[in-house]
Amino acid sequence: MADIDDEELPPQDALDLIARDPNKINDHIRVDFDDVLAEADGTHSINCVWKGSHKCYMCGKNFCYNMCTFFMGIFISFYWGMMFAYITFIHIWCCTPVMRMFVLQCNMMQKCCGTIVNCFLAPTAEACGLFFSNIVVHNS
């Protein structure tokens, strides 16, 4: 068995620090100020209150999110990495072989059932068809 050099492996994609959701899997999470707080037409607070609320909301949200990710993000991502590795392992080493075995067994059963139908049921059905095809019905 030949040794695999690092040069033979495909290069990994560079981590994009700007577009962090390129597959749009979190488009449903809309938590910007405009998505959460809105004043109806004709009901507006004083401009300085609205601007101050916007700054407080954004600072509070960003600070709390950054603290949560700083203290828990690496551990949670490690957990999810382990979970998806486990799921991948189960699918590769258990589910796929079991499904392959099931498909092989189904193919054998299909051949057996097809043979039984062709040998026993088809001639019987054909004979019945010939028998009943001679019946003539007259309406008076």
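Analyst: Here is a short tour, from overall form to single residues.

Analyst: This is a predicted model, where local features need pLDDT of at least 70, side-chain atom pairs count only at pLDDT 80 or more, and totals for chains, interfaces and linings use all residues. Residues are numbered from 1 along each chain as its sequence is written, and side-chain values use heavy atoms, with hydrogens and water left out.

User: How many helices and strands are there?

Analyst: The chain has two helices and zero strands. Both kinds are DSSP runs numbered from the N terminus: helices are H or I, at least four residues, and strands are E, at least two.

User: What is the radius of gyration?

Analyst: The chain has 34 Å, whereas a compact globule of 140 residues would be near 14 Å. The radius is taken over C-alpha atoms, and the globule rule is 2.2 Å times the number of residues to the power 0.38. Along the principal axes, the C-alpha atoms fill a box of roughly 95 × 75 × 25 Å.

User: And how much of the chain is buried?

Analyst: Buried residues are 1% of the 140. Buried means under 20% relative accessible area, exposed over 50%, and partly exposed in between (1.4 Å probe, protein chains only).

User: Is Trp93 buried or exposed?

Analyst: Trp93 is exposed, at 60% relative accessible area. Trp93 sits in helix α2. From Trp93 to Met67 is 26 residues in sequence and 39 Å in space, C-alpha to C-alpha.

User: Where does UniProt place the transmembrane region?

Analyst: The unreviewed UniProt entry puts it at residues 115–137. UniProt positions are given in the numbering used here, feature names are shortened, and annotations may be inferred rather than shown by experiment. In the model, residues 115–137 are 83% helix and 0% strand, with end C-alpha atoms 36 Å apart.

User: Switching topic. Which side chains meet in a salt bridge?

Analyst: Asp35 and Arg30 do, at 2.9 Å, N to O. A salt bridge is a side-chain nitrogen of Lys or Arg within 4 Å of a carboxyl oxygen of Asp or Glu. The count by this rule is one.

User: How exposed is Asp35?

Analyst: Asp35 is partly exposed, with 34% relative accessible area.

User: What about Lys24, what is its phi?

Analyst: Lys24 has a positive phi of about 55°, although it is not a glycine. Most residues other than glycine have a negative phi. Lys24 lies in the segment before α1 (33–36). Lys24 is exposed, with a relative accessible area of 53%.
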